Amino acid sequence: MHKLALIASAAILAAATPALADDWDFMLLNATGKVIEKIEVAPTGTGSWAENKFDPEQKKDGKVKAGGKTTVHFDKGAQCKYDVRATFEDKSTAIWSGYNACDNSYITVSLAGDKATFKAN
């Protein structure tokens, strides 16, 4: 009986593993000088934006103050390159294109005039 329960538990965990593998995250550091109200991620060049997923138990409002950081959660597809879009408090937006989520777990986003630049590591 004990072996059957152990086998059933292992089967459940094995079945759940592929779904968990699609959930990815990275740390975003806000060096734009502006408060970010919303962060979205899309496979590079697709424009298929998906909002940052928040754990409802953390009760976060999604804002990232200037100089602050947040964890961005998204569903990873088959590719590694993603675009990151931020909507700021003043309702302006910026897009950082080509972030490699497979090789980097941190991205520092900044603005140089009107140009969106990032550093990943």
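**Reading a predicted fold: sheet, disulfide, rings**

The charged end of Lys-34 sits over the ring of Phe-88, 4.8 Å from the ring centre.

Biologist: What makes a charge count as sitting over a ring?

Modeller: NZ of Lys or CZ of Arg must be within 6 Å of the ring centre and within 35 degrees of the ring normal. Lys-76 lies over the face of Trp-24, also at 4.8 Å from the ring centre. Now the ground rules. This is a predicted model, where local features need pLDDT of at least 70, side-chain atom pairs count only at pLDDT 80 or more, and totals for chains, interfaces and linings use all residues. Residues are numbered from 1 along each chain as its sequence is written, and side-chain values use heavy atoms, with hydrogens and water left out.

Biologist: Turn to the sheet. What is the order of its strands?

Modeller: Terms come before the case. Helices (H or I, at least four residues) and strands (E, at least two) are DSSP runs, numbered from the N terminus. Two strands pair if DSSP finds at least two bridges between them. Here four strands form an open sheet in the order E4-E1-E7-E8, with mixed pairing. E4 and E8 (115-120) stand at the edges with a single partner strand each, so one side of each has no neighbour in the sheet. From one strand to the next, the twist averages 30°. Axes are lines fitted to C-alpha atoms, for helices over the stretch in contact, and angles run from 0 to 180 degrees between N-to-C directions.

Biologist: Do the partners of E1 run parallel or antiparallel?

Modeller: There is one of each kind. E1 (residues 23-31) runs antiparallel to E4 (residues 69-75), joined by seven bridges. With E7 (residues 106-112), E1 pairs in the parallel sense over five bridges.

Biologist: Which residues can I check in the viewer?

Modeller: Start with the E4 side: Leu-29 has Lys-69 as its bridge partner. Then look at E7, where Leu-28 stands opposite Ile-107 and Asn-30 stands opposite Val-109. Keep one rule in mind: in a regular strand the side chains alternate between the two faces of the sheet.

Biologist: How many disulfides does a search of the whole structure find?

Modeller: A disulfide is a covalent bond between the sulfur atoms of two cysteines. The cut-off is a pair of cysteine sulfur atoms within 2.5 Å. The search finds one. It joins Cys-80 to Cys-102, S to S 1.9 Å. Cys-80 is in the loop between E4 and E5 (81-88), and Cys-102 is in the loop between E6 (93-100) and E7, 22 residues apart. The link is left-handed, with -85° about the S-S bond.

Biologist: Which residues do the ring pairs link into a cluster?

Modeller: Phe-26, Phe-74, Tyr-82, Tyr-99 and Phe-118.

Conventions. Rings of Phe, Tyr and Trp (its six-membered ring) pair if their centres lie within 6.5 Å; planes under 30 degrees apart count as stacked, over 60 as edge-to-face and the rest as tilted.
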